[in-house]
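Trainee: I'd like to learn how to read a ligand site in a model. Can we take it step by step?

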Amino acid sequence: MEISYKGKKVLVTGAGRGIGRDLVVTLAKQGATVYALTKTAELLQQLQKELPSIRPVLVDLTNWEETKAALENIEAVDHVVNNAGVAVSKPLLETTGDDFDWIFGVNVKALLNVTQVMVKKMIAAGIQGSVINVSSVSAQKTAPGLSVYCASKAAVDMLTKSMANEWGQHKIRVNSVNPTIVWTDMGKQLWTDPAKSEPILSRIPLGRFANIDEVINAILFIMSDKASMTTGETFLIDGGYAAR
Ligand code: NDP
């Protein structure tokens, strides 16, 4: 089975680092036109230096109006990957209103904003494309210190189902990918302490965490026409963790 994004147009959020950056590189090398959205100018410039073909979109997703304005300027795309995400590690009793607003603001509210703008364009252009929301196994399983993050990803999964339900009539598919820990900057920040990560690792039947490539391969498959009958689905990349 061959999956190619040559000639496709894709918007990827959270493109400055980690999963989003590697996804942009993979898609651009396959010949896709990639709109790479992130909030740190320096990281976007580095990415563009490496891949002059990418179309940079510099905006902070916590700003609803600026995000809308930045996206209004770009053409309709075939695929949207809502990958940008943030986490704060704190017990519930210490979590502040600002923590909550920031986590839900980026992980949930901005995801809705980006998808609204881009799906309206897809519908107007008659594009039968797809949306991928990068969620987490934390949508289904609690993680110590990450309760609000877990709740935000559960919200992402339910939005994914609702979007699939509303936009199926336009032949636009919407799915999430739900990885376990991946050693990106976010993964390292949250899980470097073995006292935190070992209890999770010990419950993963495959006995290890995920690689960035494993997340990207899942995205490339579910986003493509090869998964043409799959929508509203949450695709676990967790080594069997949620099955226990
Ligand atoms: P990273 O922290 O490595 O990268 C996140 C990217 O999102 C960065 O480029 C960051 O920008 C960007 N971003 C964050 N907030 C905003 C914002 N307000 N506006 C625009 N861009 C923003 O994360 P990962 O690659 O690890 O995570 C990607 C996704 O995968 C997230 O949704 C995360 O929740 C999910 N995930 C990650 C797991 C892990 O263990 N790593 C496990 C399961 C799910 P900047 O570079 O400026 O900070």
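Mentor: Start with polar contacts: a polar contact is a pair of N or O atoms within 3.5 Å; within protein, one must be able to donate a hydrogen and the other to accept it, and residues adjacent in sequence count only if both atoms are side-chain atoms. Here, a polar backbone atom of glycine 16 is 3.2 Å from an oxygen atom of the ligand.

Trainee: Before going on, what kind of model is this?

Mentor: This is a predicted model, where local features need pLDDT of at least 70, side-chain atom pairs count only at pLDDT 80 or more, and totals for chains, interfaces and linings use all residues. Residues are numbered from 1 along each chain as its sequence is written, and side-chain values use heavy atoms, with hydrogens and water left out.

Trainee: How far from an oxygen atom of the ligand is the polar side-chain atom of lysine 153?

Mentor: That lysine 153 atom lies 3.0 Å away from a ligand oxygen. For isoleucine 19, a backbone N or O atom lies 2.9 Å from an oxygen atom of the ligand.

Trainee: And how much of the ligand does the protein bury?

Mentor: Accessible areas come from the Shrake-Rupley method with a 1.4 Å probe; for residues, only the protein chains shown count as cover. Taken alone, the ligand exposes 900 Å², and the protein buries 96% of that.

Trainee: How many residues surround the ligand?

Mentor: A residue is near a molecule or strand if one of its heavy atoms lies within 4 Å of it. The ligand has 31 residues around it, with Arg17, Thr40, Asn83, Tyr149 and Thr184 the closest.

Trainee: Which element gives the largest share of that shell?

Mentor: Helices (H or I, at least four residues) and strands (E, at least two) are DSSP runs, numbered from the N terminus. The largest share, three residues, belongs to α6. Elements giving two or more residues to the shell are α1 (18-29), α5 (147-167) and α6 (185-191).
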